[in-house]
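Visitor: Please show me the sequence and the structure, and then let us discuss them by question and answer.

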Amino acid sequence: METTMNLKLLVWRQPGPDAPGKMEEYDAKEISSDCSFLEMLDLVNEDLIKAGKQPIVFDNDCREGICGCCGMMVDGVAHGPDHGITICQLHMRHFHDGATIVIEPFRSRAFAVIKDLVVDRTAFDMIQAAGGYVSFQTGSAQDANAILVPKEKADLAMDAAACIGCGACVAQCKNASALLFTSAKVSQFALLPQGDPERKARVKNMLAAHDAAGFGSCSNEGECEAVCPKEISISNIARLNRELIRSNF
Ligand code: FES
């Protein structure tokens, strides 16, 4: 049943990458429980614009959990309190009337704040460019389907390929490690015959790009898996480690 609520927002405001930032307080009034979290921010921004103030800047595009653009810390949790969804899929019914909500950008040395809640995730592009591709020509759709792949491996590869590169794994990890992302991108090809030509170079080059970007190491906390909106398994990190050992022989 639809209800309305009044909320207090504590939001990180930062005018630019080199400018100092600070938390600012806003009222979100008469918000419907049917609103999405981003729609709630839209309404707050409408009030700010009407008052001649700068709206809160945040990343978004599809608002369907597909593109990976959105992402922020809500009460200390990447993508907020619900499980297996992005912040654009979160609804206000998960909050109660009178609540104070703390909203911050994803934090990592490798994710510089561009403005307010928007961070620069170019480092993910660099990791992907270092090896997240195949050069093997599979031909047309029919030819590609002629390469037999065991169902179990195809399913695992598809699960890994579900990563949307949002960066929640990094933001939640106390080491700011991007190994869940990197391992998903390595795994999706390591499980398929099409990934074989670059197999050894891929894992080494993607890990080198990961480390060069300033991401930390994995210490098996599992926080990344817990907040991943696509429920990517940390078993991919184990596969990445096996791929690295294998690449030395
Ligand atoms: S806006 Fe595309 S995943 Fe949230």
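**Helices, pocket and cavities**

The model is a predicted one, in which local features need pLDDT of at least 70 and side-chain atom pairs count only at pLDDT 80 or more, while totals for chains, interfaces and linings use all residues. Residues are numbered from 1 along each chain as its sequence is written, and side-chain values use heavy atoms, with hydrogens and water left out.

Visitor: Which residues of α2 are buried?
Guide: Buried means under 20% relative accessible area, exposed over 50%, and partly exposed in between, with a 1.4 Å probe and protein chains only. Helices are DSSP runs (H or I, at least four residues), numbered from the N terminus. In α2, the buried residues are A123, F124 and I127.

Visitor: Which helices do the buried residues of α2 pack against?
Guide: Contact means heavy atoms within 4.5 Å. The partners of the buried residues of α2 are α5, α6 and α7.

Visitor: What span does α7 reach from its first C-alpha to its last?
Guide: The expected span of a helix is 1.5 Å times one less than its number of residues. For α7, with 14 residues, the expected value is 20 Å, and the span reached is close to it, at 20 Å.

Visitor: Around what arc do the buried residues of α7 lie?
Guide: The buried residues of α7 are R199, R202, V203, M206, L207, A209 and H210. They are on the same side of α7, because the arc that they cover around the axis is only 160°.

Visitor: Which exposed residues does the face of α7 turned away from its buried side carry?
Guide: The buried residues of α7 are covered by elements including α2 (122-129), α6 (179-190) and α9. The face turned away from that buried side carries the exposed residues D211 and A212.

Visitor: Which helix supplies the largest share of the lining of the largest pocket?
Guide: A pocket is, on a 1 Å grid over the protein atoms alone, an open set of points with protein on both sides within 12 Å along at least five of seven lines; a cavity is a set where a 1.4 Å probe fits but cannot get out, and lining residues have an atom within 4 Å of a point. The largest pocket is lined by 15 residues, with L179, S217, C218, I237 and N241 nearest its centre. Both α7 (199-212) and α9 (235-246) supply at least two residues of this lining. The largest share, 4 residues, comes from α9.

Visitor: What volume does the largest cavity have?
Guide: Grid points are joined across faces, edges and corners, and a volume is the space filled by probe spheres set on the points. By this rule there are 3 cavities of 30 Å³ or more. The largest cavity has a volume of about 110 Å³.

Visitor: Which residues lie closest to the centre of the largest cavity?
Guide: Both α5 (168-172) and α6 give at least two residues to its lining. Of the 14 lining residues, the closest to the centre are C163, G165, C166, C169 and C228.

Definitions and conventions. The arc is that of the directions from the helix axis to the C-beta atoms.
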